[in-house]
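Hi there,

Please open the sequence and the structure below side by side, and then read my notes.

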Amino acid sequence: MRVLAKTKAEVGLWADARAVPEIGPEDVLIKVRKTGICGTDIHIWNWDDWAARTVPVGLVTGHEFAGEIVAKGALVEGLEIGQRCSGEGHLIGRASRQSRAGRFHLDPATRGIGVNEPGAFAEYLRLPAFNVVPLPDSIDDEVGAILDPLGNAVHTALSFDLVGEDVLITGAGPIGIMAAAVARHVGARHVVITDVNPARLELAGRVADVTPVNVAVEDLAAVKSRLKLAQGFDVGMEMSGNQQALDQMVENLVMGGRIAMLGIPPGKSPVDWSRIVFKAITIKGVYGREIFETWYKMIAMLENGLDVRKVITHRFKAADFEKGFEVMRSGVSGKVVLDWS
Ligand code: NAD
Ligand code: ZN
């Protein structure tokens, strides 16, 4: 089968050929139809320190996918051949305290497809049946292929009650933009999203009913007074990984404000902890998605009017993956989807 793999320990990904995976009794084989390119895949392409430390050379990459079940192991129940699906790319262990309590997303033994284990940039993917998420007819393959990052957005956005709240999102990448759409969908009052990239802010305005702010040229204090926010934002979602963005968020939050933090800073960075203490701010680190509550909620919201399709800005055949990675690396795109059919 055709795959994209990290065949060399240098910048890039390469088309390669592999045997179709063999499945175990509790696995399914999925014929991949569409995949999303993730920021994680860009780290792997760039072969930065994290990728070189984490990803084995030779690995089939990719973890955002939608496809169809074409084979199932002898012990698999409740799934049929022909079922369209996406799936959770985190392969969890079953032994930890967290897993045994049903908090699967907090299992410390988690391994990721396309990062530690063979991934979805391939014609066929082996996945434990446990990880499969069936897709309703109303969710097509290209939206199915971005449920993984939408799940990051939903998990972050649902970390705190947003009904009637004023929300600040720092970072208008695909995940920040989708989080803005979710915040609006669940009933936030004002949703302000910041970035320093005008193309990203313009995309945010097209995807969701939000106030985009370019913090390179506009001051958030002015935005607060324009929106008549008496004190500041109630809830922040940090989705840039940028230190200045976190500082701005802390500065512009109300006393007792809450921050859900998904963005990954590049390394250790200075934080003004006394400011956070004196403002009595709660910070929650957010990783992945809740397995499977986030999946349930996001599918329910998509069936009930949440629309994130416009965050997909580019579509390519899988054979043209280099063009897809080029546009992702340029920083002007939203989500890029590859077609494997
Ligand atoms: P992205 O890199 O596409 O978007 C980040 C955006 O932040 C960019 O548009 C960038 O211009 C913007 N930015 C840079 N400096 C800024 C500043 N000072 N103020 C405001 N915005 C600024 O990333 P993405 O794919 O949308 O993901 C968002 C973040 O979440 C990334 O940091 C990513 O690594 C992280 N992430 C975390 C998890 C997790 O499980 N915790 C999962 C996926 C992604
Ligand atoms: Zn992803």
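Here is what turned up around ligand 1 and at one glycine. Please keep in mind that this is a predicted model.

The ligand

Which residues come nearest to ligand 1? Of the 22 residues around ligand 1, they are D195, R200, L262, V286 and G288. That shell is made up of ten nonpolar, ten polar and two charged residues. Two elements, α6 (174-185) and β11 (191-195), each supply at least two residues of the shell.

The side chain of D195 has an N or O atom 2.6 Å from an oxygen atom of ligand 1. An oxygen atom of ligand 1 is also 3.1 Å from a polar backbone atom of I264. At V286, a backbone N or O atom lies 2.9 Å from a nitrogen atom of ligand 1. On its own, ligand 1 has 850 Å² of accessible area, and the protein covers 80% of that.

The glycine

Now find G114, in the loop between β7 (111-112) and β8 (124-128). Is G114 buried or exposed? G114 counts as buried because its relative accessibility is 0%, and buried means under 20%. Leaving out residues up to four places away in sequence, G114 touches I44, L59, V60, T61, G62 and G119.

Happy exploring, and write back with any questions!

Best wishes

Definitions and conventions
Residues numbered from 1 in each chain as written. Chains lettered and ligands numbered in written order. Predicted model: local features only at pLDDT ≥ 70, side-chain atom pairs only at ≥ 80, totals over all residues. Heavy atoms only, no water. Near = heavy atom within 4 Å. Polar contact = N/O pair within 3.5 Å; in protein donor to acceptor, adjacent residues only side chain to side chain. Areas by Shrake-Rupley, 256 points an atom, 1.4 Å probe, with all protein chains shown as cover. Helix = DSSP H or I, 4+ residues; strand = E, 2+ residues; numbered from the N terminus. Nonpolar A, V, L, I, M, F, W, Y, C, P; charged D, E, K, R; others polar. Buried < 20%, exposed > 50% of the residue type's maximum accessible area, 1.4 Å probe, protein only. Contact = heavy atoms within 4.5 Å.
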